[in-house]
Structures are given as C-alpha cells and as structure tokens.
Amino acid sequence: MNNGIRNPILRYGAYAVLIVWSVSVLYPLLWTLLDALKNNDQFFRHMPWALPDAPLLWSNFSYVWNKYNFDAYFLNSIVVTAGSTLLGLLLAATTAYVLARYRFRGSGALYLLYIASMMVPFILALIPLFFLMNSFHLINTKIGLILVYTSSVLAFGIFVLVGFFKSLPKELEEASIMDGASYFGTFFRVMLPLSQPGLITVAIVNVLNIWNEYIVGTILVNDPTQYTLPVEIGVMQAEMQYRTEWGPLFAALFFTIVPVLLVYIVFQRKIASGITAGAVK
C-alpha cells in the first residue's frame, strides 16, 4: 500500500468503515432472501429478522412466478428497460457529441437547459405528463413508458457524455474527415466506439433507475398485462392487505433485486472508469 494510506490507524479505520458500510448494504439483501423462505406462521411466531425454520420454503419462488404470472411482468420490465436505455443512449450520444465538438449560437444555453432539467423533480410533471400521453393514446403501452423513461434519463446521459467527448483528441476527427469519412461516419465509426466507457456508465445507471421505477409506471399503466415488476409488487401488496403472504411477497422482491444487482456487480468498474474518464483530458 505504498500509494495508499500510510498511517496504520487511518488505514484500519478506513477498513472498519468499509466493513460496516458493506454489512449495512448486504444485510437487507440477505434479510430479503431469508424472509422469502418463510411462511406466515414463522413471521408471527418469531421476530421478523429471525432465521427461517427448516425446511426452507424455496417453493415460495415458484409460487410467485406461476400464480402471479411473473414471467410476463419480468418480460415487460426487460422490454421497457432495454428500449429506454438504447433510445436514451442514442439520443444522448448524438446530442452530447454536437454540444461538445461544435460551437453554434445558443449551444451553451441549450447545454445549461439540459443540466437545469436535472434539478427539477420529475414528480412535478406527472399530471401534465399524464394528459399529454393520454392525448397521444400512449397510456397502457410499452411505447409510452419507453418514451417517458427516455426523456427522464436524457439529461444525465448528455451531462456525462459531453465531458467525455470533450476529452477525445480533435486530431481523430480531422484524420477521419481527411480520409473521406462524412460527419456521420466519423461519429459512428470513430468517436462512438471511443466513447464506450462513458456509454457503458450511462447505460448501467439508466438500467438501475428504469428497472426500479414505480411512480410513473403506476400513473401511466393500469392494464395488468402491461405492468412492470415494481408496479406488480405494489399491486400484490395492496391485494394482500387482508391476507398478506409475507414469504411470497419477499420472494417477489428478490426477483426484482437480483437482475440489477448482477448488472452492477458485473459492470461496477466500468461505472467508476467511465465517470472519471470524461473528467481527465
């Protein structure tokens, strides 16, 4: 640890803080899994955070998957998340590239407008958003959700990618144009591949936000066949208010948590490298 913290007290103190932080993050996940293996009798006889009795009820997972048609809701979430992420990346990358590499009247104001939109709570736009989507007949449709989620993550993508595109050498563009490439060819064949770390960072953050989104899905979707996973879990909890099946409910939560957890574990290094890459020129 020649380049790390030299003072042993500070070093071990940092280790202790990281361990406590890791436990505080991992414990709710473990608690969710353990509660998914219980029945109602165990919830009422023991403390909620007690270990489950044997045998473990792994059947709660298949019960939720089959009875509540979780395969359909899982597919809805995948379609909406993937569509919003891909469309958001395309729009954010093209917009950020123009704002970062070209100067025109109003470009600075346009960039500031995008950044300022990140400071406005999205919940304030829900009522006009509902009437707007209803006028275009996009209520209860996956396309409607995709368009709304794309617009909600666009500003963040532009913010990250503008800094990233500014860090790329201009000589690459000049060499590409001198070789006969068009502006579109330069962007898609040269600049876009080089911005892969930034694109991956934006994609991962967008996936995490869209996959877990609940409020917009509740407002714009009331057709059960179009529910995403967070909306269906909310509906399950409301339906169970007089007969709550706690084990299956926690199993449903675990189904929702695991995909985004795996995405973060696999790409966690890309998030840090992508954010810092755009800050270093």
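Which residues form one aromatic cluster? In this predicted model, in which local features need pLDDT of at least 70, side-chain atom pairs count only at pLDDT 80 or more, and totals for chains, interfaces and linings use all residues, the cluster is formed by Trp58, Phe61, Trp65, Phe70, Tyr73, Phe74, Trp211, Tyr227, Phe254 and Phe255. Residues are numbered from 1 along each chain as its sequence is written, and side-chain values use heavy atoms, with hydrogens and water left out.

The structure holds 19 aromatic pairs, where rings of Phe, Tyr and Trp (its six-membered ring) pair if their centres lie within 6.5 Å, and where planes under 30 degrees apart count as stacked, over 60 as edge-to-face and the rest as tilted. The pair of Phe61 and Phe255 is edge-to-face, because the ring centres are 5.6 Å apart and the planes stand at 85°. This pair links distant parts of the chain, 194 residues apart, with Phe61 in helix H3 (residues 59-67) and Phe255 in helix H13 (residues 246-277); helices are DSSP runs (H or I, at least four residues), numbered from the N terminus. Phe61 is buried at a relative accessible area of 13%, and Phe255 likewise counts as buried at 19%, the term denoting under 20% relative accessible area (1.4 Å probe, protein chains only).

A tilted aromatic pair is formed by Phe165 and Phe187, with 6.3 Å from centre to centre and 45° between the planes. Since Phe165 lies in helix H7 (residues 142-166) and Phe187 in helix H9 (residues 183-194), the pair ties together parts that are 22 residues apart in sequence. Phe165 is buried, with 0% relative accessibility, and Phe187 is buried with a relative accessible area of 5%.

Terms used. Helix = DSSP H or I, 4+ residues; strand = E, 2+ residues; numbered from the N terminus. Buried < 20%, exposed > 50% of the residue type's maximum accessible area, 1.4 Å probe, protein only.
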